[in-house]
Amino acid sequence: MRRDSGVDLYTQGLDSLGKDCLRDEAEESGTFEQRFQTRVDAEEKIEPKDWMPEAYRRTLIRQISQHAHSEIVGMLPEGNWITRAPSLLRKTILIAKVQDEGGHGAYLYSATETLGVSRDELIGQLLEGKAKYSSIFNYPTPTWADVGAIGWLVDGAAIMNQVPLCRCSYGPYARAMVRICKEESFHQRQGYEIMMRLSRGTTAQKDMAQQALNRWWWPSLMMFGPSDAESKHSAQSMRWKIKRFSNDELRQKFVDYTVPQAEFLGLTIPDPDLRRDEAAQHYRFGTIDWNEFEQVLKGHGPCNRERLEARRRAHDEGRWVRDAAIAHAAKQAARKNSRAA
Amino acid sequence: MMPHCAYVLRIADTSLILAQRLGEWVGHAPAIEEDLGLANVSLDLLGQARMLLSYAGELEGRGRSEDDLAYLREESEFLNATLVEQPNGDFGQTVVRQFLVDAWQLELYEQLLESKDPRLAEIAAKAVKETRYHLRYSAGWLVRLGDGTDESHARVQDALTRLWPLTGELFSTDEVDREIAQAGIGPAAEALLPGWSARVAAVFAEARLAAPVMSPFSWHGKQGRHSEHLGFVLAEMQSLHRAHPGATW
Ligand SMILES: [Fe+2]
Ligand SMILES: [Fe+2]
C-alpha cells in the first residue's frame, strides 16, 4: 500500500512533495534549475530572494508550516498539566517548556513567511482542518508521567529528526532549527529527569512512569513517518538537501539511543520483539501498527477533535482582542497624522 | 504566626496564585505572542513566589519548604489578596486584574527596596524590574482594549467594575501591616494608595476608562478570608502533590 503524500507531519513531513509540484518542475528553466542544484550540491544556503524551483518552495512551505502547527498544537497536551504540576520547580520548568514550543511555532511561521505565505493564512488552514500537524499530539496526557514521557521520547524523537535539518539547504529554516534544537535538547533532558524521579520514587510513581512509557513508545516510533519502502518522495528531498537521512535510519537511531535509557530507568519497553543484534550493533524492534498511525492521521485519534477545538476556541475567543489591537493602532496612526497636519 | 512571616506570605501567595491563574492561559491565548507574554509574567511571579515562600519558611522556623507551603496549606492559611484568585474571565478581565495588581506590586516593591529586612530588599530589587515590564505589558493591553473597539471598551469597562471592589483590600492597613511599618520592614498598606492611584488614573485616561467609585466593603484574603474561588484553585493546584504524600518529583 502506498501512503498518500498528505502524510507529512512535524518530523514526518520530511517526505513532503505533492504530485502537483512535480508537474511545475518540468516547466521551469533548465539553466536556473541547474545553477540551483549546483549551489545545493556545494552546500550553499538558499536564501529567500534567491531563485528556487517552485516545487522546492512548496515543499518547504508545507514542511515548515506543518512543523509550526505541530509546535502550537503540541503546547496543549503538556499545557494540560501546568496548573497541577507537583512542585513549584516542575511547574516553572513546564511553563517555560510550553512557552518554548510557542516560540518555536512563531519562529517557524516567520520562516514560512520568507517563502511568501502569511501566518494568518497558515493558521487558517490549521483551524479549517486542512493542514496537518504531528499525529503524536493527538494522544492524551492522563498523568504527570506523560509530561515526562513526552519530553523524553517526543522531544527526543524531534531532535533526531531536526538535528539534520540544521544543515537544510534553505537558510532561514536551517537557522531556525539551530536555535530550536538547542531548546529541544533541554526539553529532552528535563523529560528524562522527570522519568528518573518517578522511576526512583514510590511504587505508584514508578507504575505511573511505566504506564506512560507504554502509551508513548509506539506513537514516538511513528513520528519518523512511514518506512522507506512506503515513502515515495524522499529521493527528491534528499537531492534538495532538505532531508539527509531516511525515516527508517532515523527511527533506528532513536531506538538505539533510547533503549539503554529505558534500561537505566528500570522501565520496560512495551515490545516483546525488542532484542539486541550484537553483530549489527542495533536494537531490533517489533512491527509498528501502521493502521493505528493511519487512523490517527485521518482524524480518528483519541484527541484530534479536542486539540483542534481548543485551537479554534482560542482563535475565536481572541478575535475581539485582535480586532481591538488593530482598531487602536489605526486610531493612533490617525491621531498622529492629524497632529502632524 | 509572627507578623513578619505573615507579611512575607501575603506577598508570596499573591504572586503564587496570580501565577497559577496566568498558567491557565498558556496555549489558549488570543495570539501566540500573548501565550508567550502571559507565560513570561507567570514565570516571573512564580519565581518571586518561590523566593518569598522559602524565606517565609525560614522565618517560620518549622523547616517547611516552598513546596510544603504551596501544596500543603489549607485555603484559610493562604494570605493572598482576594483580587488575584478571581477567575481569568475573558482576556480583558485577565488584563484588568493584571494591571491593577502590577501597579500595586510596583509601588510595593519600590518601597521594599528601602526595607530594613535585607532579604526582602534583595527580593524586591529583582522583582521591581520584572514588575515594571509586567505593568508595561498589562497597561499596553488595557489601553489597546479600552481605546480599540466599542466591544473591547465595553468588555474591559465591565471587568473593571467587577474587579474594582477587590482593590480596597490592597490599601487597608491591619495589625500585621502596622507592626511591619513600625519595624521598618515594609510600607503600611495605605501608603501605597497615592502612587497606585496616580499610575492607574493615568492609564485609565489613555484607555478612555472610567474608574468606578470605591465600594465600602473590602475583602480580607490577606487574613485568610477568601472568595469562593480560591478553594477550586487550590484543589487543582495541590491535587497531584497531595495524592502522593512524601513523594519527590
Ligand atoms: Fe519545539
Ligand atoms: Fe520541545
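How many salt bridges does the rule find across the interface of chain A and chain B? The points below take up this question and then turn to the aromatic rings.

1. Basis of the note. This is a predicted model, in which local features need pLDDT of at least 70, side-chain atom pairs count only at pLDDT 80 or more, and totals for chains, interfaces and linings use all residues. Residues are numbered from 1 along each chain as its sequence is written, chains are lettered from A and ligands numbered from 1 in the order in which they are written, and side-chain values use heavy atoms, with hydrogens and water left out.

2. The rule finds 2 salt bridges across the interface of chain A and chain B, a salt bridge being a side-chain nitrogen of Lys or Arg within 4 Å of a carboxyl oxygen of Asp or Glu. A:Arg119 and B:Glu33 form a salt bridge through their side chains, at 2.5 Å from N to O.

3. Elements at the interface. Several elements of chain A give two or more residues to the side that touches chain B, among them helix 4 (75-79), helix 5 (88-113) and helix 14 (319-340). Helix 5 of chain A gives the most, with 13 residues. Helices here are DSSP runs (H or I, at least four residues), numbered from the N terminus.

4. Extent of the interface. Chain A brings 45 residues to the contact and chain B brings 47 residues, where contact means heavy atoms within 4.5 Å. The area buried between the two chains is about 3,900 Å², and carbon and sulfur atoms give 65% of this area. Buried area is the accessible area (1.4 Å probe) that two parts lose on being put together, summed over both. Of the area that chain A buries against chain B, A:Thr83, A:Leu88 and A:Trp320 supply 20%, more than any other three residues.

5. An aromatic pair in chain A. Over all chains, the structure holds 16 aromatic pairs. Rings of Phe, Tyr and Trp (its six-membered ring) pair if their centres lie within 6.5 Å; planes under 30 degrees apart count as stacked, over 60 as edge-to-face and the rest as tilted. The pair of A:Trp290 and A:Phe293 is edge-to-face, because the ring centres are 5.1 Å apart and the planes stand at 85°. These two residues are 3 residues apart in helix 12 (residues 290-300) of chain A, so about one helical turn separates them. A:Trp290 counts as buried at 17% relative accessibility, and A:Phe293 is buried at 1%; buried means under 20% relative accessible area, exposed over 50%, and partly exposed in between (1.4 Å probe, protein chains only).

6. An aromatic pair in chain B. B:Trp164 and B:Phe204 form a tilted pair, 6.0 Å centre to centre with 50° between the planes. B:Trp164 lies in the loop between helix 6 (150-163) and helix 7 (175-182) of chain B and B:Phe204 in helix 8 (residues 193-206), so the pair ties together parts that are 40 residues apart in sequence. B:Trp164 is buried at 7% relative accessibility, as is B:Phe204 at 3%.

7. A neighbour of that pair. B:Ala211 touches B:Trp164 and B:Phe204, not counting residues up to four places away in sequence. B:Ala211 is partly exposed, with a relative accessible area of 46%.
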